[in-house]
Amino acid sequence: HNYLRGSITIYIINLHRSRKKIKLAGTLRDKTVHQYLFQPYGVQGLQAKSVQLNGRPLLMVDDETFPELRPRTLRAGRIVVVPPLSIGFYVVKNANAPSCKFR
C-alpha cells in the first residue's frame, strides 16, 4: 500500500496469555487503521512452522517470492483487539503526524 506521509505505524507484541484491547485516543480515534496481525498457524501454537496474517495462512508464492501482505481495515473509532501471543503492526492512515511527514 502507498501510505501518505504523516501516517504512523504502531508495533504491538502481546506476550500475555489473554487478549489485550487498545483504544486510540485524540485525533487518532477518527482515523482508519490497517491491521497486519501475525499469529502461529496450526495446533502447535508458538512451535508452529507456519504463520497466519489476519487469520489466513501466509504462504510464499515460490521459493523466492514473498506473498502480498494484505491488511484488514479497521473502521475509525474501533478498539484494537490483540490476541494472546501475537505480533502485529497497525498503520494509522492519514494521521498527519508532523514527524512522519519528512524523509
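Two strands pair if DSSP finds at least two bridges between them. Helices (H or I, at least four residues) and strands (E, at least two) are DSSP runs, numbered from the N terminus. The model is predicted: local features need pLDDT of at least 70, side-chain atom pairs count only at pLDDT 80 or more, and totals for chains, interfaces and linings use all residues. Residues are numbered from 1 along each chain as its sequence is written, and side-chain values use heavy atoms, with hydrogens and water left out.

**View 1. Strand β3 pairs with β4.** Strands β3 and β4 (residues 50-53) run antiparallel. Four bridges join them. F38 has L53 of β4 as its bridge partner.

**View 2. Strands β4 and β5 form a hairpin.** β5 covers residues 56-57 and pairs with β4 in the antiparallel sense, over two bridges. Here L53 stands opposite R56. Two residues lie between the strands, and N54 takes a positive phi near 50°.

**View 3. Q35 sits in strand β3.** This strand spans residues 33-41. Q35 has a relative accessible area of 5%, so the residue is buried. Buried means under 20% relative accessible area, exposed over 50%, and partly exposed in between (1.4 Å probe, protein chains only). Contact means heavy atoms within 4.5 Å. Leaving aside residues up to four places away in sequence, Q35 touches N54, P71, R72, L74, V81, F89 and Y90.

**View 4. Y36 and F89 stack.** Rings of Phe, Tyr and Trp (its six-membered ring) pair if their centres lie within 6.5 Å; planes under 30 degrees apart count as stacked, over 60 as edge-to-face and the rest as tilted. The whole structure holds two aromatic pairs. In the pair of Y36 and F89, the ring centres are 4.6 Å apart and the planes lie at 10°, so this pair is stacked. The pair links distant parts of the chain, with Y36 in β3 and F89 in β8 (residues 86-92), 53 residues apart. Y36 is buried, at 4% relative accessible area. F89 is partly exposed, at 23%. Y36, F38 and F89 make up one aromatic cluster.

**View 5. L15 belongs to a nonpolar surface patch.** Y11, I13, L15 and I87 make this patch of about 440 Å². Patch residues have over 30% relative accessible area and no salt bridge; nonpolar side chains (Val, Leu, Ile, Met, Phe, Trp, Tyr) are joined within 5 Å, like charges within 9 Å. A salt bridge is a side-chain nitrogen of Lys or Arg within 4 Å of a carboxyl oxygen of Asp or Glu. L15 is in the loop between β1 (8-14) and β2 (20-22). L15 counts as exposed, at 68% relative accessibility.

Definitions and conventions: Accessible areas come from the Shrake-Rupley method with a 1.4 Å probe; for residues, only the protein chains shown count as cover.
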